[in-house]
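Open the model in your viewer and keep the sequence panel beside it. Each stop below says what to select and what is there.

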Amino acid sequence: MEYQITPFKPCDIEAVYEIECKSFAQPWEKKYFSLYASFRQGLPLETRVRSYARVARNNDEILGYIIWSNNERTGHGRVLNIAVREDVRRQNIGRDLMLHAVHHMREADMSRCQLEVRVSNFAAQRLYESLGMVRIGVIPKYYGDEDAIRYELAL
Ligand SMILES: CC(C)(COP(=O)(O)OP(=O)(O)OC[C@H]1O[C@@H](n2cnc3c(N)ncnc32)[C@H](O)[C@@H]1OP(=O)(O)O)[C@@H](O)C(=O)NCCC(=O)NCCS
């Protein structure tokens, strides 16, 4: 499968939102994707926190996406969202999206990458562990209906 990792553009919102709705029981609202797609140089979430969105694209087809933030105050990068279209999973797209974000965090001098994942989401946990991420805690009821495992990678 050929693809490139490129900035998330307003014309990608529909395809990204469709993947989001098919991937998660509690999808993000579409308005958040509209916001991320509008900020090519990073969405300023708050002072010294900036977030970024990229898609994996095969010509005009969107195969997956990742959204992360860099907190310049704490030096922490955080993956906020990642998903790959169901019919193209297990082809390393998720891994490449993660590696892209981690590379960007290193370039931005972040000292660690963190993220949360549902305790039941074994596919994502395997992906993160294959990248060397380690479990640093469990957050009870992080998702309301389920606990989260917090993972971290030293950069
Ligand atoms: C998690 C997700 C992004 C992985 O994307 P992907 O492109 O299929 O993953 P990759 O092909 O890059 O997988 C890389 C490695 O992760 C692990 N992995 C990925 N999916 C797996 C699965 N279903 N079962 C077991 N291991 C899995 C494997 O180690 C895999 O390497 P391998 O194929 O050589 O064995 C994808 O399953 C997805 O979109 N899930 C729904 C959304 C989601 O759960 N996002 C994460 C929220 S925290």
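**First stop: the ligand shell**

Start with the ligand and select α4, residues 122–130. This helix gives the largest share of the shell around the ligand, five residues. The model is a predicted one. Now widen the selection to the whole shell: 18 residues surround the ligand. The closest are Arg89, Gly94, Arg95, Ala123 and Arg126. Besides α4, both β5 and α3 supply at least two shell residues each. Colour the shell by class and you get eight nonpolar, six polar and four charged residues.

**Zoom out: the whole chain**

Show the cartoon. The protein has four helices and eight strands. Read from the N terminus, the elements run β-α-α-β-β-β-β-α-β-α-β-β. Along the principal axes, the C-alpha atoms fill a box of roughly 40 × 35 × 30 Å.

How does the radius of gyration compare with that of a compact globule of 155 residues? The globule would come out near 15 Å, and the protein has 15 Å, so the two agree. Buried residues account for 28% of the 155.

**Select the core**

Next, pick Val16, Tyr65, Ile66, Val79, Leu97 and Ala101. These have the most contacts inside the largest nonpolar core, which has 33 residues. Helices α1 (13–23), α2 (30–38) and α3 each supply at least two residues of this core. So do the strands β3 (49–58), β4 (61–71), β5 and β6. In soluble globular proteins, nonpolar side chains tend to be buried together.

Stay on Leu97. Setting aside neighbours within four places in sequence, Leu97 is in contact with Ile5, Arg54, Ala56, Gly64, Ile66 and Ile82.

**Follow α3**

Select α3 by itself. The helix has 15 residues and reaches 21 Å from first C-alpha to last, close to the 21 Å expected at 1.5 Å a residue. Which residues of α3 are buried? They are Ile93, Gly94, Leu97, Met98, Ala101, Val102 and Met105. Gly94 is also among the residues closest to the ligand, and Leu97 is among those with the most contacts inside the core.

Check backbone torsions here. Most residues other than glycine have a negative phi.

- Arg90 lies in the loop between β5 (76–84) and α3 (93–107). Its phi is positive, near 60°. Arg90 counts as exposed because it has 9 C-beta neighbours inside 10 Å, and the cut-off for exposed is 12 or fewer.

**Last stop: Glu152**

Jump to strand β8, residues 148–154, and select Glu152. Is Glu152 buried, exposed or partly exposed? It is partly exposed, because 16 other C-beta atoms lie within 10 Å. Not counting residues up to four places away in sequence, Glu152 touches Arg112, Cys113, Gln114, Met133, Val134 and Ile136. Finish with a distance: draw a line from the C-alpha of Glu152 to that of Asn58. The separation is 30 Å, for two residues 94 apart along the chain.

Terms used: Residues numbered from 1 in each chain as written. Predicted model: local features only at pLDDT ≥ 70, side-chain atom pairs only at ≥ 80, totals over all residues. Buried ≥ 20, exposed ≤ 12 C-beta atoms within 10 Å, placed from the backbone. Core = buried A, V, L, I, M, F, W, Y, C linked by C-beta atoms within 7 Å. Contact = placed C-beta atoms within 7 Å. Near = placed C-beta within 6 Å. Nonpolar A, V, L, I, M, F, W, Y, C, P; charged D, E, K, R; others polar. Rg over C-alpha atoms; globule rule 2.2 N^0.38 Å. Expected span 1.5 Å × (residues − 1).
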